[in-house]
Amino acid sequence: MKYQVFSERCSGSNYIQAVLASNLPDLAPCSHIGFKHWITTQFLASHTFPADLMFLIINRNPFHWLRSIHAQPWHCAHHLRSLPFSDFIRAEWQCVWDEQAGIGRYDPRWMQEMAHERNPLNEGSRYCNIIQARKVKYHIWRGKLQGHPGFFPLNYDQFVKAPGLAVNRIAQLKCLPEPPAVVLPPGYKGRLGYKRKLMLRLSMGLIGKAQAKPKAPISLADLEFIVHNLNKAEEMAWGYDIDDLVRQELAYTEDCARYRPFPTFHRQRRCEL
């Protein structure tokens, strides 16, 4: 019995897959329709999918996700990895084949741009920023898979709060025995084991980034830019009320009194699909 994951990088897919492996051992991950972070031509060309395959689409709070991928910028072009957060979220998005993609310097793809990390809805141009990459990918995944009987959208933040609920729902969907108690694997999301710390230092630290940083406040200007580039309706479909998340961010920075609807949106650059 198999399932396929689709998610953006740093959206919690490794953790969720580890939880499923620990609690539902009869459910095996696969990559029959491409790697989980990519929009491949194979996926775009597919009109039918195996009826017995479950599709787990994992999304994450966009503000937490941006902090995480800035701290751990998997596969992105090296010149982006040392940018400050404000510049990083505004930069044209580009991913390359390097050691993080599991290839060596003598591979002909070395340091070449990943074609599947371009915008298929705009003739294969680069995403104008990483937020547009998120918006396009989840729009495509949901659009092509939501009518499939095995479509299972998963809000990472809700999963972390109550992993047993999601595990039991998946078990029921696939007619598997529910675990008596959910076992959570160590070494993820704030509890980095020594192997993961070493991996981060080796793969990030030598090329511009060190390792995951503590949660940092997001400036008002950056909040406005992020919200302006997100699709509120699409985010709500995944369980994320953007206005509520903005209030939480402002509360975190002790700036609630300055919260307002963002009247300056029309003056900001917005990337459409």
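Glutamate 92 has a relative accessibility of 43% and therefore counts as partly exposed (buried means under 20% relative accessible area, exposed over 50%, and partly exposed in between, with a 1.4 Å probe and protein chains only). The model is predicted, so local features need pLDDT of at least 70 and side-chain atom pairs count only at pLDDT 80 or more, while totals for chains, interfaces and linings use all residues. Residues are numbered from 1 along each chain as its sequence is written, and side-chain values use heavy atoms, with hydrogens and water left out.

**Surroundings of glutamate 92**

Glutamate 92 sits in the loop that runs between helix H4 (85–90) and helix H5 (130–145); helices are DSSP runs of H or I with at least four residues, strands are runs of E with at least two, and both are numbered from the N terminus. Apart from neighbours within four places in sequence, glutamate 92 touches Leu80, Arg126, Tyr127 and Cys128, where contact means heavy atoms within 4.5 Å. With arginine 126, the glutamate 92 side chain forms a side-chain polar contact of 3.0 Å. A polar contact is a pair of N or O atoms within 3.5 Å; within protein, one must be able to donate a hydrogen and the other to accept it, and residues adjacent in sequence count only if both atoms are side-chain atoms. Tyrosine 127 is 35 residues from glutamate 92 along the chain, yet their C-alpha atoms are separated by 6.1 Å.

**Positive phi values**

| Residue | Phi | Relative accessibility |
|---|---|---|
| Methionine 111 | near 65 degrees | 34%, partly exposed |
| Cysteine 175 | near 55 degrees | 70%, exposed |

Methionine 111 belongs to the loop between H4 and H5, and glutamate 92 also lies in the loop between these helices. Cysteine 175 is in the loop between helix H7 (163–173) and helix H8 (194–203).

**Strands S3 and S4**

Strand S4 (residues 151–155) is mostly covered, with four of its five residues buried. S4 pairs with strand S3 (residues 54–59) in the parallel sense over five bridges; two strands pair if DSSP finds at least two bridges between them. Leucine 154 in S4 is the bridge partner of isoleucine 58.

**Whole protein**

The protein has 11 helices and four strands. Of its 273 residues, 51% are buried. Among contacts with a separation of 6 or more, 71% come from residues 24 or more positions apart.
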